[in-house]
Amino acid sequence: MTELKDKDQQAIIQLKDLSIFYGDNQAVNKINLDFYKNKVTAIIGPSGCGKSTVLRSINRMNDFIDILHTKGEVVYENQNILDKNLDPTRLRRDIGMVFQRPNPFPKSIYNNIIWGPKINGFLKNPDELVEKSLRRAALWDEVKDRLHDSALGLSGGQQQRLCIARTVAMNPSVILMDEPCSALDPKATIRIENLIDELKDDYTILIVTHNMQQAARVSDYTAFLYEGELVEFGETDGLFTNPVEKQTEDYITGRFG
Amino acid sequence: MSLSRSQKNSLFKFSCQAVTAISLLVLVVLLYHIMKEGFAYLNFDFLNHFPSRRPSRAGIKSALFGSLWIMGLTAMIAIPVGVCTALFLEEYTNRKNKWVKLVELNISNLAGVPSIVYGLLGLTVFVRFLGMDRSLIAGALTLSLLILPVIVVTTQGALRAVPDAIRYGAYALGARRYHVVFGQVLPAAIPGIMTGVILSMSRAIGESAPLIMVGALSFVAFTPESITDPFTVLPVQIYNWVGRPQEAFHGLAAAGIIVLLAVLFTFNIIAVFIREKFQRYKND
Ligand SMILES: Nc1ncnc2c1ncn2[C@@H]1O[C@H](COP(=O)(O)OP(=O)(O)O)[C@@H](O)[C@H]1O
Ligand SMILES: [Mg+2]
């Protein structure tokens, strides 16, 4: 693995010997990985290598898959969040998630934003929150005149930014993104990428992508997974220009995947 | 003779249109007949009078009120129970569990049981065993049983049609199951649920057999005041008039049918209105 230049980076999430199984089928094998605060970390690798599985373990969305079980630890705020006694709903307020396909609720744009804060009981100033969140997601100007229209009337790219806005409205510390642009056209993709760049001042972002150019453009650190194993982790610039592992080099030069 | 693809296409289209036209025609003829016969009898007095042996003084007031009471009570019982049952089966149990499967299978089977059987059940359980006598509540409970399976099955379908992505999106915002089910899934399913409600309530309003079974009277000279009062309903009253020899009563029966259709129509309008209100946020 590459030596990290800035060793004083603070790890906000640590994967420790993380293994994940679907029944008898092991999808993730003993991964050790630190994610740094207020940085964008990209998880890359060919389809089926376990990227989404790893990401979903961080906000316990894997709980919904019956046959799945996990070994090892995911440490966040000095706690192993995989602990069965930990309340995953509390965790998910803090660690938000943006999905592969935009999934706005079949409600108004306004209600999409306030729903999370409302059910979690900290909604104080809805109008202000809606404006702030939509501005943060670079969507305000496009929707400010139709906040009470259905969110399903927005374009795909707008819907995805709305999903980012509703995540931001929860004021999380970490945002997980699972291939957030894979269902979008190139123009919408660029907008989301620019947005990620702005968001990292306030949030730690983990983004799964199988698009290497995207990883190179948006991330500070990159982790390369292959067949459930962590092959290489390092600063994005270094990893792309000077990979240590042969497999990484083959992958980023497009020899497979 | 072999037909080209486009010929087959237009032939099929034509057959479909013809079949639709025939059913519409039957409906129109039926309506025309009823209107022609019943319209002369349809006036405020008809709505505001109780039944009488003399056709000129007979009205439908008690049956109309009875039907409205029965519909209201049935809706109040069957919709919450049916929707909650479906919610429980879909959102709170594991669909792969064999007991759940068995229950679901039985519910779908119940939808096909003839209504007279429900009448018998109502008579045994509500009227006799629970001592409710010939009351509105016994009738409403019986009709609720009758329409529950349809409400449960259509509600299940509506809940299943809500994409899991909505559920996951909600959970990812720190929602608990309670919030996901009642704040996201149920509202998203309401248009579909209303369709089931319309279908089943339309069935309930036209039923007479099970209500006769539990003791709907054919001659009621008062409007019910409470759920323990005896009652009659529109179809029973209509049936009673049709069976009389005097011509005038047949006209009254036709007028009664018009009232029944009007009630049905009003009810459906309300349901469609609710459906549209929630549909607003669906596809656009
Ligand atoms: N729900 C599931 N049930 C069983 N196996 C699964 C499930 N989801 C993913 N897998 C398997 O786990 C492996 C990793 O999948 P995933 O994390 O989705 O990969 P990626 O996101 O990198 O494409 C794959 O081999 C896939 O077949
Ligand atoms: Mg994936």
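Me: What is the volume of the largest pocket, and which residues are the closest to its centre?

Reply: Keep in mind throughout that this is a predicted model. A pocket is an open space, whereas a probe that fits in a cavity cannot get out. Here the largest pocket has a volume of about 680 Å³, and 19 residues line it, with Phe64(A), Glu90(B), Glu91(B), Thr93(B) and Arg177(B) the closest to its centre.

Me: Which helices of chain B each supply at least two residues of that lining, and how does the lining divide by class?

Reply: In chain B, helix H3 (61-92), helix H7 (164-171) and helix H8 (177-206) each supply at least two residues of the lining of the largest pocket, and the largest share, 4 residues, comes from H7(B). Sorted by class, this lining has 10 charged, 7 nonpolar and 2 polar residues.

Me: How many cavities of 30 Å³ or more does the structure hold, and what lines the largest cavity?

Reply: The structure holds 2 cavities of 30 Å³ or more, and the largest cavity has a volume of about 40 Å³. Among the residues that line the largest cavity are Ser67(B), Ile70(B), Met71(B), Ala204(B) and Ile205(B), and H3(B) gives the most to this lining, with 3 residues. By class, the lining of the largest cavity has 7 nonpolar, 1 polar and 1 charged residues.

Me: Which residues line the second largest cavity?

Reply: The second largest cavity, with about 30 Å³ of space, is lined by Gly96(A), Met97(A), Phe99(A), Arg166(A) and Thr167(A) from chain A, together with Gly169(B), Ala172(B) and Leu173(B) from chain B. In chain A, strand E6 (95-98) and H6 each supply at least two residues of that lining.

Me: How much area do chain A and chain B bury between them?

Reply: The size of an interface is often given as the accessible area lost when the parts come together. Chain A and chain B bury about 2100 Å² between them, and 62% of this is on carbon and sulfur atoms, while 29 residues of chain A are in contact with 24 residues of chain B. The count between the two chains is 1 salt bridge, and the side chains of Arg176(B) and Asp87(A) meet in a salt bridge at 2.8 Å, N to O.

Me: What does a salt bridge inside chain A tie together, as with Glu142(A) and Arg161(A)?

Reply: The side chains of Glu142(A) and Arg161(A) meet in a salt bridge at 2.9 Å, N to O. Because Glu142(A) lies in helix H5 (residues 140-143) of chain A and Arg161(A) in helix H6 (residues 156-168) of chain A, the pair ties together parts that are 19 residues apart in sequence.

Me: Where are the domains of chain B, and how much area do they bury between them?

Reply: Chain B, which has 11 helices and 0 strands, is divided into domain 1 (5-41) and domain 2 (44-279). Their contact takes 7 residues from domain 1 of chain B and 10 residues from domain 2 of chain B. The two domains bury about 680 Å² between them, with 79% of it on carbon and sulfur atoms, and in domain 1 of chain B the residues that lose the most area to domain 2 are Ile34(B), Glu37(B) and Tyr41(B), together 73% of what that side buries. Across this domain interface the rule finds 0 salt bridges.

Terms used
Residues numbered from 1 in each chain as written. Chains lettered and ligands numbered in written order. Predicted model: local features only at pLDDT ≥ 70, side-chain atom pairs only at ≥ 80, totals over all residues. Heavy atoms only, no water. 1 Å grid on protein atoms, 1.4 Å probe; cavity = no way out; pocket = protein on both sides within 12 Å on 5 of 7 lines; lining within 4 Å. Points joined across faces, edges and corners; volume = space filled by probe spheres on them. Nonpolar A, V, L, I, M, F, W, Y, C, P; charged D, E, K, R; others polar. Domains from an automatic or database assignment. Contact = heavy atoms within 4.5 Å. Buried area = accessible area lost by both parts, 1.4 Å probe. Salt bridge = Lys/Arg side-chain N within 4 Å of Asp/Glu carboxyl O.
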